[in-house]
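Biologist: Hi! I have a new model open and would like a tour. Where do we begin?

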Amino acid sequence: SAIGRVTTLSSSSSARSSVSPLAAFAAAGLAGATIAGGTCYLEEPKKKKKSWPHKRPTQKYDAPRKVPIPTHPDYADPPPRSDLPTITLDELSEHNDEDDMWFSFRGAVYDLSFFKYGHPGGTPRLLMAAGQDLEPYWEVYRQHFRGHIIQWMEKYRVAN
């Protein structure tokens with residue numbers, strides 16, 4: 001109904017809702033109830049109907065422009081090292097277990113076996129790429145392209 005549920009209470013009858021008769025009479029003036037002939041009529045407040053669809057607030061600022069991420073930034077290229085031996089992909093693929101993890105990245109080969117407990121992704125993430133090229137994995141996990149990572153890895157470079 002338009003007014004909502006009406007609870008009828010009287011001083012001689014028991015409450016027909018969860019409100020005691022004394023509490024209903026006391027709250028009658030505050031709740032907008034009507035008292036007539038010893039009977040208190042309490043009206044429950046009307047519930048607001050939600051309008052759908054909700055309107056989105058207008059945006060104050062323009063959306064930030066998209067900045068293209070370079071696929072192969074120069075700062076992530078390892079420096080050339082003629083002082084190190086050159087190994088084949090078959091030799092690299094032999095270093096793929098937990099105690100012997102080698103990785104290649106853009107022509108450089110790194111021994112990161114010690115890093116199995118230090119990698120934020122854990123040992124399983126390192127084992128996924130052990131004995132292989134890191135490039136396809138780093139295309140997914142792009143945070144590795146930050147410049148300091150290649151500089152750090154360069155200390156552990158063992159071959160080309």
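Modeller: With a term: helices (H or I, at least four residues) and strands (E, at least two) are DSSP runs, numbered from the N terminus. The model is a predicted one, where local features need pLDDT of at least 70 and side-chain atom pairs count only at pLDDT 80 or more, while totals for chains, interfaces and linings use all residues. Residue numbers start from 1 along each chain as its sequence is written, and side-chain values use heavy atoms, with hydrogens and water left out.

Biologist: Which residues does serine 104 touch?

Modeller: Setting aside residues up to four places away in sequence, serine 104 touches Leu92, Val109, Gln132, Asp133 and Leu134. Contact here means heavy atoms within 4.5 Å.

Biologist: Let's zoom out. What order do the four strands of the open sheet come in?

Modeller: The order is β4-β5-β6-β7, and the pairing is antiparallel. At the edges are β4 (96-97) and β7 (157-159), each of which pairs on one side only. Two strands pair if DSSP finds at least two bridges between them.

Biologist: How many bridges join β5 to β6?

Modeller: Four bridges link β5 (residues 100-105) with β6 (residues 108-111), and the two run antiparallel. Within that pairing, phenylalanine 105 is opposite alanine 108, and tryptophan 102 has aspartate 111 as its bridge partner.

Biologist: What about β4 and β5?

Modeller: β4 and β5 are joined by two bridges, again in the antiparallel sense. Aspartate 97 faces aspartate 100 of β5 there. The two strands make a hairpin with two residues between them.

Biologist: What do β5 and β6 form?

Modeller: β5 and β6 form a hairpin with two residues between them as well. Arginine 106 is in the loop between these strands. Arginine 106 has a positive phi of about 50°, although it is not a glycine.

Biologist: Is arginine 106 buried or partly exposed?

Modeller: Arginine 106 counts as partly exposed, because its relative accessibility is 23%.

Biologist: New topic! How many residues are in the largest nonpolar core?

Modeller: The largest nonpolar core has 16 residues, and those with the most contacts inside it are Phe103, Phe105, Tyr110, Leu112, Leu134, Trp138 and Met153. At least two residues of this core come from each of β5, β6, α3 and α5. Another core, of five residues, lies apart from it and includes Leu92, Trp102, Val109 and Ala159. A nonpolar core is a set of buried Ala, Val, Leu, Ile, Met, Phe, Trp, Tyr and Cys residues joined through side-chain atoms within 4.5 Å.

Biologist: Last one: which residues is tryptophan 138 in contact with?

Modeller: Beyond its neighbours within four places in sequence, tryptophan 138 is in contact with Phe105, His144, Phe145, Ile149, Ile150 and Met153.

Technical notes: Buried < 20%, exposed > 50% of the residue type's maximum accessible area, 1.4 Å probe, protein only.
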